[in-house]
Amino acid sequence: AVVASRARAAAAAATAGGNASSPRAGAAPGSLLLPQLGSVTAAELLGGTANAVSDDHFALLTMAVMQAVGATSRLVVCCERAGEGSEEAHGAHPTPGSPRCRALTEVRLGRSSGRLGRWVAAHRKAQRALRKSVRGAVEIHFRRDHRGYLWLPLRWRHGAAEQLPGAPYSSAPFCMAHYAAGVFEVDGQPLDSRGAATGGSVQDKLLSTL
């Protein structure tokens, strides 16, 4: 009940902020790479009444909810050059000649991959109890930062039978991670926007069973 209440508050805050793809004061310019989000509000997404959910809608709402419940999270924008990759990664209406970008939220879940796997398994069991389509063992993808922390991606997959934490990352060669404090870092760069060392992140995966 507490989580639901905070999620609703996050939805109200996100809705009050207008178009979530517009940069706020101190935000990194990478937020401009996201497509316009149109008139779908956070409240509609939270209530499941939106006609269509995009990767970016889902990522922005999930990031707001993670912040509302106090989880350590970051918004990651991954981009490809025009003409590369899949339509899923690009979005339906990219601007010709511009980078094609999609967002996802990552949440930090300690340093133990075993604990991460058990957390995902518990989530899937809860989903199955609600009679959702959850079957068998699955690969869980995540990233490990230079301090050993694991970051689990939460992203929307169109047409997927199961919306799974730890879905595979896209093959985009360029990713920028935005933190709640307004700091951002770019994959492959040694320093973040404050000039602090980043050390980079390494992708990994594990098998999660029910």
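Visitor: In which element is the place of His141?

Guide: His141 sits in strand β3. This is a predicted model, in which local features need pLDDT of at least 70, side-chain atom pairs count only at pLDDT 80 or more, and totals for chains, interfaces and linings use all residues. Residues are numbered from 1 along each chain as its sequence is written, and side-chain values use heavy atoms, with hydrogens and water left out.

Strand β3 covers residues 138–145. Helices (H or I, at least four residues) and strands (E, at least two) are DSSP runs, numbered from the N terminus.

Take His141 in more detail. Its relative accessible area is 14%, so His141 is buried. Buried means under 20% relative accessible area, exposed over 50%, and partly exposed in between (1.4 Å probe, protein chains only). Setting aside residues up to four places away in sequence, His141 touches Leu152, Pro153, Gly166, Ala167, Pro168, Tyr169, Asp204 and Lys205. Contact here means heavy atoms within 4.5 Å. Two of these partners, Leu152 and Pro153, fall in the range of strand β4 (150–154). Asp204 and Lys205 fall in the range of strand β7 (201–208).

Trp151 comes back at Asp145. Asp145 is in strand β3 as well. It counts as buried because its relative accessibility is 9%. Its side chain makes a polar contact of 3.0 Å with the side chain of Trp151. A polar contact is a pair of N or O atoms within 3.5 Å; within protein, one must be able to donate a hydrogen and the other to accept it, and residues adjacent in sequence count only if both atoms are side-chain atoms. Beyond four places in sequence, Asp145 is in contact with Trp151, Gly200 and Ser201.

Along with Glu185, Val186, Asp187, Gln189 and Thr198, they line the largest cavity. Its volume is about 40 Å³. The whole structure holds one cavity of 30 Å³ or more. A cavity is a set of points on a 1 Å grid over the protein atoms alone where a 1.4 Å probe fits but cannot get out; lining residues have an atom within 4 Å of a point. The lining comprises one nonpolar, four polar and two charged residues.

Thr198 and Glu185 link this lining to Asp192. Asp192 contacts both of them, and also Val183 and Phe184, when neighbours within four places in sequence are left aside. Asp192 lies in the loop between β6 (184–186) and β7 (201–208). At 11% relative accessibility, it counts as buried. A polar atom of its side chain lies 2.9 Å from the backbone nitrogen of Arg194.

Now go back to the lead-in to β3. Arg131 is in the loop between α5 (113–129) and β3. Its phi is near 65°, a positive value in a residue other than glycine. With 82% relative accessible area, Arg131 is exposed.

Helix α5 holds Lys125 and Arg128. Lys125 counts as partly exposed, at 42% relative accessibility. Arg128 is also partly exposed, at 42%. Across 84 residues of chain, the C-alpha atoms of Lys125 and Thr209 are 9.9 Å apart. Arg128 and Leu210, 82 residues apart along the chain, also have C-alpha atoms separated by 9.9 Å. Arg128 touches Leu210, and Val134 too, not counting residues up to four places away in sequence.

One loop remains. Ser171 is in the loop between β4 (150–154) and β5 (174–179). At 62% relative accessibility, Ser171 counts as exposed. Its C-alpha atom is 8.8 Å from that of Cys78, 93 residues away along the chain.

Finally, the whole chain. The protein chain has five helices and seven strands. From the N terminus on, the elements run α-α-α-β-α-β-α-β-β-β-β-β. Of its 210 residues, 39% are buried. Among contacts with a separation of 6 or more, 66% join residues 24 or more positions apart.

Methods:
On a 1 Å grid over the protein atoms alone, a cavity is a set of points where a 1.4 Å probe fits but cannot get out, and a pocket is an open set with protein on both sides within 12 Å along at least five of seven lines; lining residues have an atom within 4 Å of a point. Grid points are joined across faces, edges and corners, and a volume is the space filled by probe spheres set on the points. Ala, Val, Leu, Ile, Met, Phe, Trp, Tyr, Cys and Pro count as nonpolar, Asp, Glu, Lys and Arg as charged, and the others, Gly among them, as polar.
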